[in-house]
Amino acid sequence: SVHHRDFAVQKDGSVLILDEVLGPDEVAVMYRGREGEDVAADKGIVIALDTRITPELELQGKARDIIRFIQSLRKEQGLKLEDKIVLSVEGADDVLAGHKDTILSATQATLGKIDGDAHALDLEGQKVTVKFKKV
């Protein structure tokens, strides 16, 4: 039988709660996740995942989107992996504040002012402009 603090589930499905026995048709034992959680159960192990996106996770996701965007632009321009670029990113100060180093190292870039083609990226409604040139 499965024991919890105040009740036990018997092999036949009946439940002993304190000193009361309830039949399997009188009670259902289930796990319910708190709001914002996905709950999965397997072989008696319950896993709850917090599915709320924190502001920090949202910024990490946006940083990854910017990196992917710059990498695809680099590819379009025929740049090699080792080619260094000077990069200007406008409209994503919130992302750069925490993830500038990650973005720069992933894209072989340094930040700088550039005249040249502006590439627009829509980051979940946030309008971002990327410019870059090979060093």
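In which sense does β7 pair with strand β8 (residues 109–111), and over how many bridges? The two strands pair in the parallel sense over three bridges, where pairing requires at least two bridges found by DSSP between two strands. The structure is a predicted model, in which local features need pLDDT of at least 70 and side-chain atom pairs count only at pLDDT 80 or more, whereas totals for chains, interfaces and linings use all residues. Residues are numbered from 1 along each chain as its sequence is written, and side-chain values use heavy atoms, with hydrogens and water left out.

The protein chain contains two helices and 10 strands. Among contacts in the protein chain with a separation of 6 or more, 52% involve residues 24 or more positions apart, a contact being defined by heavy atoms within 4.5 Å.

The pairing of β7 and β8 belongs to an open sheet of four strands, ordered β8-β7-β10-β9 and with mixed pairing. β8 and β9 stand at the edges with a single partner strand each, so one side of each has no neighbour in the sheet. On average, neighbouring strands of this sheet are turned by 35 degrees against each other, direction ignored. Helix α1 packs on the sheet through β7, β9 and β10, and its direction makes about 155 degrees with that of β9. Helix α2 also packs on the sheet, where it touches β7, β8, β9 and β10; the angle between its direction and that of β8 is about 145 degrees. For these angles, axes are lines fitted to C-alpha atoms, for helices over the stretch in contact, and values run from 0 to 180 degrees between N-to-C directions.

Within the sheet, Ile85 has Ala109 of β8 as its bridge partner. β7 is joined to β10 by six bridges, and these two strands run antiparallel. Val86 has Lys133 as its bridge partner in β10, while Val89 stands opposite Val130 of β10. Five of the six residues of β7 are buried, so this strand is largely enclosed by the rest of the structure. Together, β7, α2 and β8 form a right-handed β-α-β unit; the crossover is given this hand if, with the strands pointing away from the viewer, the path from the first strand over the helix to the second runs clockwise.

Helix α1 comprises 22 residues (residues 55–76), which at 1.5 Å a residue should span 32 Å, in agreement with the 32 Å between its end C-alpha atoms. The expected span is 1.5 Å times one less than the number of residues. Buried positions in α1 are Gly61, Lys62, Ala63, Ile66, Ile67, Phe69, Ile70, Leu73 and Arg74. The buried residues of this helix pack against β7 (85–90), α2 (93–106), β9 (119–123) and β10 (126–134). Just after α1, Gly78 adopts a positive phi of about 75 degrees.

His99, located in α2, counts as buried at 10% relative accessibility. With residues up to four places away in sequence not counted, His99 touches Glu56, Leu59, Gln60 and Ala63. Leu59 lies in α1 and, apart from its neighbours within four places in sequence, is in contact with Asp94, Val95 and His99. A separation of 8.9 Å is found between the C-alpha atoms of Leu59 and Leu96, which are 37 residues apart along the chain.

In strand β10, Gln126 is buried, with a relative accessible area of 16%. Neighbours within four places in sequence left aside, Gln126 is in contact with Lys62, Gly91, Ala92, Asp94 and Leu121. The C-alpha atoms of Gln126 and Gly91 are separated by 7.2 Å, although these residues are 35 residues apart along the chain.

Terms used. Buried < 20%, exposed > 50% of the residue type's maximum accessible area, 1.4 Å probe, protein only.
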